[in-house]
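Subject: Structure handover

Dear colleague,

I am passing the structure below on to you, and I would be glad if you read it alongside the notes that come after it.

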Amino acid sequence: MIARLAIAALTRRRARTALTVAGVAVAAAMLLDMVMLGSGMRESFRGFIDQQGFQLRLTPRGTMPFDSEATVGGATALVATLRADPDIVRVGPVLGGKHFVAVDTGVVAGFLLGIDPAAQGDYRLEAGHDLAAADEIVVSTAWLAATGRALGDTVRVAGGYDPQLRRATGERTLRIVGQGRFQMLAASDRAAAVPLATAQAMGGADRADRVSVLLVETRGAADAEAVAARIEASEARLTALSTEAALKFVDERLGYFRQLAFILASVSLAVGFLLVTTLVTVSVNERIGEIAVMRAIGVARARIVSQIVLEGVALSLAGATLGLGLGLVTARWLNGILATFPGLPAAFDFFRFEPGAAFRALGLLVCCGIAAGVWPAWRAATLPIATTLREEAVA
Amino acid sequence: MTVTPVLSAQSIRRAYPLAGRSVEAVRGLSLDVMAGEWVAVVGPSGCGKSTLLNLLGAIDRPTAGRIVIAGRDVSALGDAEATRFRLTGVGFVFQRFYLMPTLTAAENVELPMAEARMPRAARSARARELLAYVGLDGRAEHRPFQLSGGEQQRVAIARALANRPALLLADEPTGELDARTGAEMIALLDRLNHDGTTIVTVTHDEELAQAARRVVHMRDGVIVDDVVRRPLEATA
């Protein structure tokens with residue numbers, strides 16, 4: 001009967017209730033989006049790193065992976081030393097650089113990655129086959145579109161270009177054997193991968209036996225942080241970055257985003273709380289005579305409080321449910337816009353739906369609905385019955 | 001017929017603070033009502049009639065004195081006990097009916113029974129029985145706005161009787177009704193009383209007062225006259 005009265009009280013003024021629910025839904029959607037934004041980028045980045053399957057990234061001392069053009073020499077010996085470590089399963093050397101392809105309209109420039117096909121995490125093959133010979137190349141979809149080439153074609157690729165002499169350097173004839181999705185690059189990036197030795201040779205003497213990054217997979221039971229510390233201690237030229245350290249670094253860089261998300265999420269909660277409080281208070285004021293009569297005929301205070309709190313909860317629940325859908329749609333739309341930012345990996349998510357976090361946030365909103373109903377409920381339950389009835393009769 | 005006091009009010013007072021001083025609406029009033037009686041309390045506006053009714057129904061508490069209803073002192077009950085007493089010990093009928101507008105007639109009657117935790121089937125059956133008693137057996141599913149004033153007051157009476165109270169308290173039950181409907185209401189109250197319900201009404205309605213067995217006149221918070229028009233034995 002109390003639930004029936006609570007629902008009836010809300011449906012009595014349908015337009016007003018619908019508008020309040022819509023307001024709560026917008027607040028809930030914003031809350032959800034901010035929660036998704038707060039954790040989305042970090043988790044997205046973690047997904048990329050985990051997808052690669054390497055726990056450590058070794059870079060020239062003091063640099064981050066591909067933050068600069070710095071490289072480390074003596075790569076062959078370094079890789080051999082690392083592979084001899086019992087705590088290391090795989091080592092994937094990578095040399096990053098540029099490459100140039102002559103087309104009818106000029107020159108197409110792009111990223112070139114020199115990799116070990118047996119230990120790489122930079123691209124996922126979508127068509128064709130992986131690198132098996134020194135004169136083979138795997139390219140991105142955008143690369144094929146920009147150069148007008150197709151799988152199976154042979155192409156002249158230069159490792160450098162001298163604009164003064166208008167001459168390509170380190171040129172090689174390569175066969176396009178695969179089309180890949182380069183996970184750390186934007187979909188619009190013209191990216192290509194060749195065997196490490198080929199990339200080193202195309203870079204000339206400056207790049208001989210050098211690498212930009214060494215990706216390291218540690219043995220399951222090994223402590224990646226301990227392995228990183230050991231490598232840094234034994235090889236002064238390297239910085240060893242574990243997945244957790246990389247995430248911490250990302251966290252620091254995303255700190256402002258998270259603060260902004262937290263502030264906006266708090267504002268959303270406050271708006272939801274105020275909306276529900278306002279509606280429930282107005283509704284209680286309109287029904288003050290009815291409530292006094294209920295008290296007069298013997299309805300307990302607790303029952304009155306339950307009914308009014310239930311109204312707040314019903315409003316919050318309805319708003320949160322609608323807000324969940326609205327938030328997901330909005331997040332998808334915003335993600336689509338933000339994903340077009342230059343230089344961002346295509347699969348990078350700003351808004352990532354984490355069911356636990358999302359339902360905790362919406363649960364918090366429902367708790368706000370409970371809190372929003374408490375004050376008007378208590379006020380209604382403690383009103384002086386005789387005085388209220390007299391005032392109602394006079395009114 | 002054995003006549004026992006169902007209500008006994010002894011030297012009750014009710015004072016209200018007003019503009020920095022204390023105003024007494026009821027001043028040392030004593031009243032006994034026997035089981036099966038129908039008492040009409042009459043008097044000019046502001047004489048303390050409604051305050052008396054609120055005190056008798058444990059809606060309000062006297063500042064002095066003692067009220068015993070069905071053997072229970074209700075003048076010093078805490079909120080929870082007073083609420084429980086109002087639920088099962090007395091039934092209220094208000095001048096403006098005060099039905100829950102979102103509930104049907106049957107649901108309005110069921111409300112006090114639901115609060116008293118009566119099983120759904122039993123309260124539904126009793127609600128139908130009470131609505132039939134007050135002549136509304138075909139109107140159970142109607143909402144208050146679909147009922148006339150007289151019909152709403154009948155539903156209010158059915159609601160007041162839901163938990164079989166020892167005493168029915170009615171505050172100007174004909175105050176919002178036209179003459180014909182008011183007469184029907186008086187007839188219903190008469191039938192209720194004839195069937196054994198003890199009634200105390202506060203009224204300005206001369207016809208209602210004439211129908212009661214006993215008429216108590218109040219002025220300035222005290223009883224100035226108490227006339228038994230039809231002794232219980234007369235109809236026993």
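The notes below cover conventions and confidence, then the contact between the chains, a helix pair and a sheet.

This is a predicted model, in which local features need pLDDT of at least 70 and side-chain atom pairs count only at pLDDT 80 or more, while totals for chains, interfaces and linings use all residues. Residues are numbered from 1 along each chain as its sequence is written, and chains are lettered from A and ligands numbered from 1 in the order in which they are written.

The model scores ipTM 0.90 and pTM 0.71. Within chain B, confidence is lowest in helix α8 (residues 232-235), at a mean of 61, and highest in strand β3 (residues 38-42), at 95; helices (H or I, at least four residues) and strands (E, at least two) are DSSP runs, numbered from the N terminus.

Between the chains, 18 residues of chain A are in contact with 22 residues of chain B, contact meaning that the C-beta atoms of two residues, placed from the backbone, lie within 7 Å. On the side of chain A that touches chain B, α1 (2-12), α9 (288-296), α10 (301-338) and α12 (385-394) of chain A each supply at least two residues.

Inside chain A, the axes of helix α8 (residues 255-286) and helix α11 (residues 355-381) come within 8 Å and cross at roughly 30 degrees, where axes are lines fitted to C-alpha atoms, for helices over the stretch in contact, and angles run from 0 to 180 degrees between N-to-C directions. α8(A) is therefore roughly parallel to α11(A), a term for angles under 35 degrees. Among the residues that meet in this pair are A:Phe273 and A:Val276 in α8(A), and A:Leu365 and A:Trp375 in α11(A).

Chain B contains an open sheet of 6 strands in the order β6-β7-β8-β3-β9-β10, with mixed pairing; two strands pair if DSSP finds at least two bridges between them. Its edge strands, each pairing on one side only, are β6 (90-93) and β10 (222-228) of chain B, and the twist averages 20 degrees from one strand to the next. Strand β7 (residues 167-171) of chain B runs parallel to strand β8 (residues 199-202) of chain B and is joined to it by 4 bridges, with B:Val200 in β8(B) as the bridge partner of B:Leu169.

Best regards

Terms used: pLDDT is the predictor's confidence in each residue, from 0 to 100. Angles under 35 degrees count as roughly parallel, over 145 as roughly antiparallel, 65 to 115 as roughly perpendicular and the rest as oblique.
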